[in-house]
Each structure stands twice: as C-alpha cells, then as structure tokens.
Amino acid sequence: MSAFDEDLFLKGLEQRKATLGAEYVEKNLAAADDFTRPFQEAMTAWCWRFGWGDDIIDAKTRSMMNLSMIGALGKMDLSRFCAAPSARLSYLSFESDGAFPAQC
C-alpha cells in the first residue's frame with residue numbers, strides 16, 4: 001500500500017465492505033496477486049472512498065444513480081450485481097416495484 005494514502009484505502013475498504021459485504025470483499029482481496037493487488041487497492045481507495053465516500057449525495061441516491069447509469073448504458077447484465085447491495089441495504093425492493101425483474 002505504498003502508492004496510496006493509507007487512510008483513503010482504509011476508509012474505502014470500510015465503505016466497500018459495508019456495501020458489498022465483508023466476506024465478498026475479503027475474498028477478492030485475498031485472491032489478488034502481485035498484478036491485480038494494485039488495481040484492488042486503487043479501486044478501493046479512489047472509487048470506494050474518494051468517489052463514494054463523501055456525504056454530498058446520500059448512499060441511497062448514489063446507488064439509484066449507479067443503477068440508472070447501468071441501464072442507460074445498456075449494461076443490464078451488471079444490474080444483478082449492482083442491485084444486490086441496494087436491496088441488501090434496503091434501498092431497493094424488487095417485490096414492491098418490479099425493478100429489473102428479468103435480471104434479478
């Protein structure tokens with residue numbers, strides 16, 4: 001973890017685990033090799049802390065924006081992966097509104 005600010009990484013790691021689940025994140029970090037580890041560290045520090053870690057937009061709105069962008073880009077194959085944390089965190093209810101019924 002020499003290329004990044006340790007605090008940025010640790011706060012990003014906390015956010016990543018809270019969103020995706022600690023088991024999933026730890027499994028991915030443990031599987032990282034010398035080639036993929038810097039990418040995992042960069043994404044954790046910059047995307048999860050710098051990008052998602054501020055308080056300007058609340059987590060529910062940020063999650064809905066993410067799902068909207070995935071739909072707008074036609075990447076519905078990613079909707080199941082990206083919608084699962086939203087549902088787990090009670091941001092999205094598939095039963096009540098039928099969002100993404102074919103994919104989830």
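K11 is partly exposed, with a relative accessibility of 37%. The model in which this residue sits is a predicted one. K11 pairs with D7 in a salt bridge, and their closest N and O atoms lie 3.2 Å apart. D7 is likewise partly exposed, at a relative accessible area of 41%. Both residues belong to helix α1, and 4 residues separate them, which amounts to about one helical turn. An α-helix has 3.6 residues a turn, so residues three or four places apart point the same way. Side chains of opposite charge can pair when their charged atoms come close.

Helix α1 runs over residues 6-20. Its 15 residues should span 21 Å at 1.5 Å a residue. Seven positions of α1 are buried: L8, F9, G12, L13, R16, T19 and L20. These residues cover an arc of only 135 degrees around the axis, so they lie on the same side of α1. The buried set includes a charged residue, R16. K11 and D7 stand apart from that set, since K11 is partly exposed at 37% and D7 is partly exposed at 41%. Just after the helix, G21 adopts a positive phi of about 100 degrees.

The chain as a whole is helical. It contains 6 helices and 0 strands. Along the sequence the order of elements is α-α-α-α-α-α. Of its 104 residues, 29% are buried. Contacts between residues at least 6 apart in sequence were examined for range, and 53% of them join residues at least 24 apart.

The largest nonpolar core has 7 residues: L8, F9, L13, L20, V25, A45 and W48. Two elements, α1 and α3 (37-51), each give two or more residues to this core. Helix α1 gives the largest share, with 4 residues. F9 is one of the core residues, and it also belongs to the buried set of α1. The C-alpha atom of F9 lies 6.8 Å from that of E41, although 32 residues separate the two in sequence. E41 is located in helix α3. E41 counts as buried because its relative accessibility is 16%, and the cut-off for burial is under 20%.

What is the total number of salt bridges? The count is 3. Besides the pair of D7 and K11, K17 and E26 meet through their side chains, with N and O 3.1 Å apart. K17 is partly exposed, at 25% relative accessibility. E26 is also partly exposed, at 41%. The remaining salt bridge joins R37 to D34, with closest N and O atoms 3.2 Å apart. R37 is partly exposed at 31%. D34, by contrast, is exposed, with a relative accessible area of 68%; the cut-off for exposed is over 50%.

Which residues of α4 are buried? They are R62, S63, L67 and I70. Their arc around the axis is only 135 degrees, so these residues share the same side of α4. G74, just after the helix, has a positive phi of about 75 degrees.

The mean pLDDT is 76, and 68% of the residues score at least 70. Helix α2 (residues 22-31) has the highest confidence, with a mean of 93. The lowest belongs to helix α6 (residues 94-97), with a mean of 48. Residues 100-104 stay under 50 in pLDDT. For that stretch the model has 11 contacts beyond four places in sequence.

Definitions and conventions. Residues are numbered from 1 along each chain as its sequence is written. This is a predicted model: local features need pLDDT of at least 70, side-chain atom pairs count only at pLDDT 80 or more; totals for chains, interfaces and linings use all residues. Side-chain values use heavy atoms; hydrogens and water are left out. The expected span of a helix is 1.5 Å times one less than its number of residues. Buried means under 20% relative accessible area, exposed over 50%, partly exposed in between (1.4 Å probe, protein chains only). The arc is that of the directions from the helix axis to the C-beta atoms. pLDDT is the predictor's confidence in each residue, from 0 to 100. Contact means heavy atoms within 4.5 Å. A salt bridge is a side-chain nitrogen of Lys or Arg within 4 Å of a carboxyl oxygen of Asp or Glu. A nonpolar core is a set of buried Ala, Val, Leu, Ile, Met, Phe, Trp, Tyr and Cys residues joined through side-chain atoms within 4.5 Å.
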